[in-house]
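Visitor: I would like to go through this structure step by step. Could you guide me?

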Amino acid sequence: MDKATLPSSYPLSRTCPLDPPAEYGRLRTEEPMHRVRLDFDGSTVWLVTRHEDARAILGDTRFSSDFAKPGFPARLTSQPPGPGTFIRMDAPDHTRLRRLLVPELVRKRVDALRPAIERIVDELIDGMLAAGPPVDLVDAFALPLPSRVITELLGVAYEDRAFFHETTKVMGDQHVDPQTRLTVRNQMRDYLDRLVAVKEAEPADDLLSRLVQRREKAGVSRAEVLGIATLLMVAGYETVANQIGVGTVALLEHSEQVEHLRAHPEAMPAAVEEVLRHQTVIDYGARRVATEDVEVGGRLIRSGEGVLVVLAAANRDEEVFAGSDRFDIGREPRDHLSFGFGVHQCVGQVLARAQLEIAWTALLRRLPGLRLALPVEKVAFRHDMFVYGVHELPVTW
């Protein structure tokens, strides 16, 4: 392929809503480390599309996650990270803050939360059944599920959970004007500030109480605990909600595989991994900046140069996933990068997997004949968002 035909700017447009742009495949073959101009600010970065190179960069601490460093492809988020926002920090602050949270999201803790997730899922499906088809799965199920799970995790009072659901919906809607989103975010932060005070005075058996109790020994400030709680609400909400939405489309477009899952629910964990790989919702990419000269994939990335690791492209790498464009729930789960890789790999991935597994198992069991209520070409996909998904998803059964 002539280099002149390779894309010169980013992001790229999809031609099929359930597949990443076709140019990624050509880039992996012809120039997996490729320089592009970012449309939103005109800066030039390395676009990384091959699985091997993606792992190398995400696993190398010489590539910084600090949005404030010169050269970082920040996309309107160049301001310094607020207290507790460890996903935008490097060691030692990233290590210190993440270490406080990790024990709360290990498998043992998540397994203890599973009955509550199952209850929430069943209550939401009860509401869908009461309303009768067709129902917008996004509004009735995909959005409220992670919101309610996180409020359960944090120990939010039951009567306040509707407030959280509404605020997270607004914060995740890119069509809301920036001032409104900022106002709502501040309202959530003020509420969480009051909630931390309650947990300090009367600790209970919940994540936020345990963070408050352990923070001084861990060298974490009260403001940082508040930032961690805010991060959990925002980051843990939008990704899971959109994975449910677009993942349901992918499943329902493969009816024979859905029928297999109905008959063999024990196959759901592997199916979840295939949905995560095939429908990578972090659509923009994982961003880094080199802090020194580093060679990756035979190319020299110089200190101060920005890097954009396209997770969706790496997850379709034929060298790792044979027949990578094929959606196959029988595929042996392995090494997808949907939760990232290295020290910044998603701390909430066990909880996310549990929600997806419980959600799809219950939807298929309780809604016989679940299917889209409109042709897939009519589904309103989120082409203009940092996190890919669907705006709404009418379903029937």
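**Strands, helices and one glutamate**

Guide: Strand 10 and strand 13 (residues 394-396) pair in the antiparallel sense over two bridges. Two strands pair if DSSP finds at least two bridges between them. Strands (E, at least two residues) and helices (H or I, at least four) are DSSP runs, numbered from the N terminus. This is a predicted model, in which local features need pLDDT of at least 70 and side-chain atom pairs count only at pLDDT 80 or more, while totals for chains, interfaces and linings use all residues. Residues are numbered from 1 along each chain as its sequence is written, and side-chain values use heavy atoms, with hydrogens and water left out.

Visitor: What is the bridge partner of Arg 371 in strand 13?

Guide: The partner is Thr 396.

Visitor: And what is the order of the open sheet of three strands?

Guide: The order is 5-13-10, with antiparallel pairing. Strand 5 (135-136) and strand 10 (371-372) are the edge strands, and each pairs on one side only.

Visitor: Now helices. At what angle do the axes of helix 8 and helix 9 cross?

Guide: The axes of helix 8 (residues 178-201) and helix 9 (residues 207-218) cross at roughly 70° and come within 9 Å. Axes are lines fitted to C-alpha atoms, for helices over the stretch in contact, and angles run from 0 to 180 degrees between N-to-C directions. That makes helix 8 roughly perpendicular to helix 9; angles of 65 to 115 degrees count as roughly perpendicular, under 35 as roughly parallel, over 145 as roughly antiparallel and the rest as oblique.

Visitor: Which residues meet there?

Guide: Leu 195, Val 196, Lys 199 and Glu 200 in helix 8 meet Leu 208, Ser 209 and Val 212 in helix 9. Contact means heavy atoms within 4.5 Å.

Visitor: How far apart are the axes of helix 7 and helix 10?

Guide: The axes of helix 7 (residues 161-171) and helix 10 (residues 222-252) are 10 Å apart, and the helices pack at an angle of about 70°. Helix 7 and helix 10 are therefore roughly perpendicular to each other.

Visitor: New topic: where is Glu 305 found?

Guide: Glu 305 is in the loop between strand 8 (299-301) and strand 9 (306-309).

Visitor: What does Glu 305 touch?

Guide: Leaving aside residues up to four places away in sequence, Glu 305 touches Arg 35, Trp 46, Gly 71, Arg 288, Val 289, Ala 290 and Leu 300.
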